[in-house]
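Here is a friendly walk through the aromatic pairs, nonpolar cores and strand pairings of one model. Please have a look at the sequence and the structure first.

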Amino acid sequence: MIGERARAIDRGLIEKAMIEGNAASTSIPAEPLWYKDAIVYQLHVRTFFDSNADGIGDFQGLTQKLGYLQDLGVTTLWLLPFYPSPLRDDGYDIADYTDIHPSYGTLGDFKAFLNEAHRRGLRIVTEIVLNHTSDQHAWFQEARQSRDNPRRDWYVWRDTDDGYRQVRIIFTDTEQSNWAWDPVSKQYYWHRFFSHQPDLNFDKPEVVEAIWEVMKFWLEIGVDGFRLDAVPYLVEREGTSSENLPETHAVLKLFRRRMDEHFPGRIFLAEANQWPLDVRPYFGDADECHMAFHFPLMPRMFMAIRLEDRKPIVEILNQTPEIPDACQWAIFLRNHDELTLEMVTDEERDYMYDAYAKDATMRLNVGIRRRLAPLLEGDTRKIRLMNGMLMSLPGTPIIYYGDEIGMGDNVHLGDRNGVRTPMQWTGGWTAGFSLADPERLYAPVVSNVLYNPQIINVDSQSRSPHSVLSWMKRLIRTRKTSRVFSRGTIEFVHPANHGVLAYVRRLDQEIILVVNNLSSRAQAVELDLRAFRGSIPVEMAGGNIFPRIGELPYLLTLGPYDFYWFRLRRL
């Protein structure tokens, strides 16, 4: 009875939000550094919940599931592209920047969703694909009509395909060149990704202004920020790799300056799959991007747990430069793309393939197309440890939808679609994602014997205090008790046992000690904690008090893949 009443209240609020969909968006009280304390949940509207039984997730469905996300404890939603698109690259081939793909609903549905999310205290970060459009976009369709067309130079054209020879090909499995022949205008056009995604020409001021108008459109509606897709490649120059060029940074600084002036409190999150030293300029002097992904950390977390050695994690974080106080790294375990192995050595890449993708069908471009749980062989202990590190290392953590319940994947779907299958809400034929017949779903539900909805779903895990989902809720709740994790410094402790990763997080007078066992076997470790002698470690999850720290090495024992978070107190 109580459950029915709660659902009725939720339906009433959603209906109210739908009515108010065309009104100005509600907003969340300003907190200038909110993104540093955020816990981000990444999802694709089409994958989450289908409200109209057509087999495709939509904004009305997502609105109905906001209570679940609020209860999970996340604070920010990052939405994959939802714009009109031919969907040849799952929406990253945008045909119209200022509308909603009809499969996902209307602009009014989006506004209603945004209002309800904000009412629940959830911020919304959307995608802006700056680098390229779909070849079906009106801009490109105009540009290809004539070499004299006013929009011709909005894209990069050549009579031959021999320009920018020093630029690498990103999608090595599908593209042989970064130039594509256009039979309409009888010239080649430049593209860094798929050939159906022509690159915009940011040397053209009109392009810069057009993209700013797109940003302004969504900012005025009320979105809280943008994930800037593929930002290293905006500008091309002969004789260079055409990555991370000064001209690219100039464009981003211009956008940031305008956003700060007209829409304070909104953010840019840069997708720059580069080494940390090359990503550092994307923060500027806190005048470019507020956040940037730390791509090289993620594969090294998987290396460390397989090698049972902390070295890969410690090395990459020691190589990570300082960033402005107002900026933040975004860290993650998995996302909608392949587990990228671009920012590793050739030897490390071979090791990762051998350890995590022996079957060639699991590999794509320079990476591995698998979800978190299958990568970790469904081992709940490993899943917990990896999430524990995600939540305690420096940066803003990002959770990929479904990973909070240990969802599986389907590597036989092709491209990266295997990690973009319907969210598994219940044990039904369509996993509670849709009332449509299974054949109508945009993609089949995972049917693997270990990960199918009868085994892995939100409904069953919500009923068990010992499930991955219930554990994730407790972990998030614990993290949110301290800003040390989101804003504090990190100092590594270096015990003789390399299977143990230990570090101290500090913020002002608060000190937290994190100890992780990367090994499949129980481990004893002695930690040099003399700097904290007299302090008493209080285990944060349960509040249990451990022996006081003294002059002698501090002895701890940890079970396989176990970890502790201790708040160090002087009592």
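## A buried ring pair

Let us start with Phe110, which is buried at a relative accessible area of 0% (buried means under 20% relative accessible area, exposed over 50%, and partly exposed in between, with a 1.4 Å probe and protein chains only). Phe59 is also buried, at 0% relative accessibility. This is a predicted model, in which local features need pLDDT of at least 70 and side-chain atom pairs count only at pLDDT 80 or more, while totals for chains, interfaces and linings use all residues. Residues are numbered from 1 along each chain as its sequence is written, and side-chain values use heavy atoms, with hydrogens and water left out.

The structure holds 44 aromatic pairs; rings of Phe, Tyr and Trp (its six-membered ring) pair if their centres lie within 6.5 Å, and planes under 30 degrees apart count as stacked, over 60 as edge-to-face and the rest as tilted. Phe59 belongs to helix 3 (residues 59-64) and Phe110 to helix 5 (residues 107-119), so their pair ties together parts that lie 51 residues apart in sequence. Helices (H or I, at least four residues) and strands (E, at least two) are DSSP runs, numbered from the N terminus.

Phe140 and Trp157 form a stacked pair, at 5.7 Å centre to centre and 10° between the planes. Phe140 sits in helix 6 (residues 138-143) and Trp157 in strand 4 (residues 157-158), 17 residues apart, and the pair links these distant parts of the chain. Both Phe140 and Trp157 are buried.

Ring pairs also build a cluster whose members include Phe59, Phe110, Trp139 and Trp218. Elsewhere, the charged end of Lys65 sits over the ring of Trp425, 4.1 Å from its centre, and Arg306 lies over the face of Tyr356, 4.6 Å from the ring centre. For such a contact, NZ of Lys or CZ of Arg must be within 6 Å of the ring centre and within 35 degrees of the ring normal.

## Nonpolar cores

Which residues touch the most other members of the largest nonpolar core? Among its 155 residues, they are Tyr41, Phe110, Phe202, Met215 and Trp218. A nonpolar core is a set of buried Ala, Val, Leu, Ile, Met, Phe, Trp, Tyr and Cys residues joined through side-chain atoms within 4.5 Å. Helix 7 (residues 205-221) supplies the largest share of this core, 10 residues. A second, separate core has 18 residues, including Leu513 and Tyr564.

## Strand pairings

Strand 2 (residues 76-79) is covered on both faces: Thr76 and Trp78 on one side, and Leu77 and Leu79 on the other, are all buried. Strand 1 (residues 40-43) runs parallel to strand 2, joined by 4 bridges (two strands pair if DSSP finds at least two bridges between them). Tyr41 has Leu77 as its bridge partner in strand 2. Strand 2 also pairs with strand 3 (residues 123-129) in the parallel sense over 4 bridges, with Trp78 opposite Val125.

A separate topic is the open sheet of 3 strands in the order 11-13-12, with antiparallel pairing. Its edge strands, strand 11 (339-340) and strand 12 (363-364), each pair on one side only. Strand 11 pairs with strand 13 (residues 367-368) over 2 bridges, and Thr340 stands opposite Gly367 in strand 13.
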